[in-house]
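Thanks for asking me to look over this model with you. Have the chain open beside you as you read, and stop wherever you want to check a residue.

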Amino acid sequence: MFGIDTFVPITQARLDTARRRLGMTPLFWARYFKRPGFAEDFQPRAEAKILRDNRIRLLPIARQTRNVAGTAAQGAADAIENVEAFVQAMGEEHLAGVKSELLMFLDVEGTGTDHPNLSVDYYIGWSSSLVRHSLAISEGRFTVQPAVYCRQNQPTTWRALIEAQRLGFPCEGGWVFRMRGGACTRPNPDWEPAFLMPADPLPFPVMIWQYAIDCDEIDYDWINPDLEVEESLLGRLAIPGPV
């Protein structure tokens, strides 16, 4: 059960490449959402039809990686822009008609000063504002729930999420990156908890393992084979409607 994610736009050529690599149509395609009108975000007029025609779910990634070590106020402000970008791209009425609950993954890289690890305060502000603003903008018809992407070997981020959950601000799921050597050319790996799971026990499921990156501009993702976790993920991702 596979998905893909790209920094570059969705095209038929990239979908064809992914199908050849995976031997199947990916179940989701992850794209970025930063703020309304941001040029590098998912562009529905150019990208939505391919997902709709192929019944591929869109997985939204909140992209403000330089901010995630910041304050609760910064997190709350970013979440509002993330929600508005996502809802404008997908359509409020379309989302209200297909899902009562959706997921959005916060991009945390943890690779240095420009892409720091997550702070507890930022996550509290971001996660609570994500839910609150999606409820407000949809007039109670749907919520956008928080999840987090990060590298497997970044305990600062995973421990921040553990602490936030202890304080009453849960995370719905994790998306872990740990590269398998030669994964762009080797057959798809098995789900390997001993390899991919963070060292600290998490109070939420790891939903996705990103096991290969930068493979002809495509990253490859394995969905957790646990049926409940799989449904918790895929059941909260939407296929774009007509634009």
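The points below go through the predicted model, starting with the barrel and ending with a few backbone details.

1. **The barrel.** Eight strands close into a barrel, and their order is β1-β2-β3-β4-β5-β6-β7-β8. The pairing is mixed. On average, neighbouring strands of this sheet are turned by 30° against each other, direction ignored. As a reminder, strands of a sheet pair through backbone hydrogen bonds, either parallel or antiparallel.

2. **Two pairings to look at.** For the antiparallel sense, take β1 and β8, which pair over four bridges. Here G3 stands opposite D221 in β8. For the parallel sense, take β5 (residues 143–151) and β6, which pair over four bridges. R151 stands opposite F177 in β6.

3. **Strand β6, side by side.** In a regular strand the side chains alternate between the two faces of the sheet. Which residues of β6 are buried on each side? G174 and V176 are buried on one side, W175 and F177 are buried on the other, and both faces of the strand are covered.

4. **Helix α1 and its two faces.** This helix spans residues 12–22, and R14, L15, A18, R21 and L22 are buried in it. Seen down the axis of α1, the buried residues fall within an arc of 125°, so they line one face of the helix. The face turned away from that buried side carries A13 and R20, which are exposed. Note that the buried set includes R14 and R21, while R20 is exposed.

5. **What α1 packs against.** The cover over the buried residues of α1 includes β1 (2–5), β2 (28–33), α2 (44–54), β7 (206–215) and β8 (218–223). The direction of α1 makes about 50° with that of β8. Just after the helix, G23 takes a positive phi of about 75°.

6. **The nonpolar cores.** The largest nonpolar core has 58 residues, and L106, W126, Y211 and Y220 are those with the most contacts inside it. Helix α3 (residues 72–90) gives the largest share of this core, seven residues. A second, separate core has 19 residues, among them L27, F28, A147 and V229.

7. **Y220 and its surroundings.** Leaving aside residues up to four places away in sequence, Y220 touches G3, I4, T17, A18, R21, L22, W209, Q210, Y211, A212 and C215.

8. **Y32 in strand β2.** Y32 lies in β2 and is buried, with a relative accessible area of 14%.

9. **The cysteines.** How many disulfides does the model hold? The count comes to one: C184 is joined to C215, with the sulfurs 1.9 Å apart. The angle about the S-S bond is -75°, and the link is left-handed. The pair connects distant parts of the chain, 31 residues apart: C184 is in the loop between β6 (174–177) and α7 (193–196), and C215 is in strand β7. C184 counts as partly exposed at 28% relative accessibility, whereas C215 is buried at 6%.

10. C150 is in no disulfide; its nearest cysteine sulfur, that of C171, is 11 Å away. C150 counts as buried at 0% relative accessibility. C171 is in no disulfide either, and counts as buried at 4%.

11. **Two glutamates with positive phi.** E139 has a positive phi of about 55° although it is not a glycine. E139 is found in the loop between α5 (120–137) and β5 and is exposed, with a relative accessible area of 68%. E217 has a positive phi of about 70°, and it is not a glycine. E217 is found in the loop between β7 and β8 and counts as partly exposed, at 47% relative accessibility.

Technical notes:
Residues are numbered from 1 along each chain as its sequence is written. This is a predicted model: local features need pLDDT of at least 70, side-chain atom pairs count only at pLDDT 80 or more; totals for chains, interfaces and linings use all residues. Side-chain values use heavy atoms; hydrogens and water are left out. A nonpolar core is a set of buried Ala, Val, Leu, Ile, Met, Phe, Trp, Tyr and Cys residues joined through side-chain atoms within 4.5 Å. Buried means under 20% relative accessible area, exposed over 50%, partly exposed in between (1.4 Å probe, protein chains only). Contact means heavy atoms within 4.5 Å. The arc is that of the directions from the helix axis to the C-beta atoms. A disulfide is a pair of cysteine sulfur atoms within 2.5 Å. Two strands pair if DSSP finds at least two bridges between them. Axes are lines fitted to C-alpha atoms, for helices over the stretch in contact, and angles run from 0 to 180 degrees between N-to-C directions.
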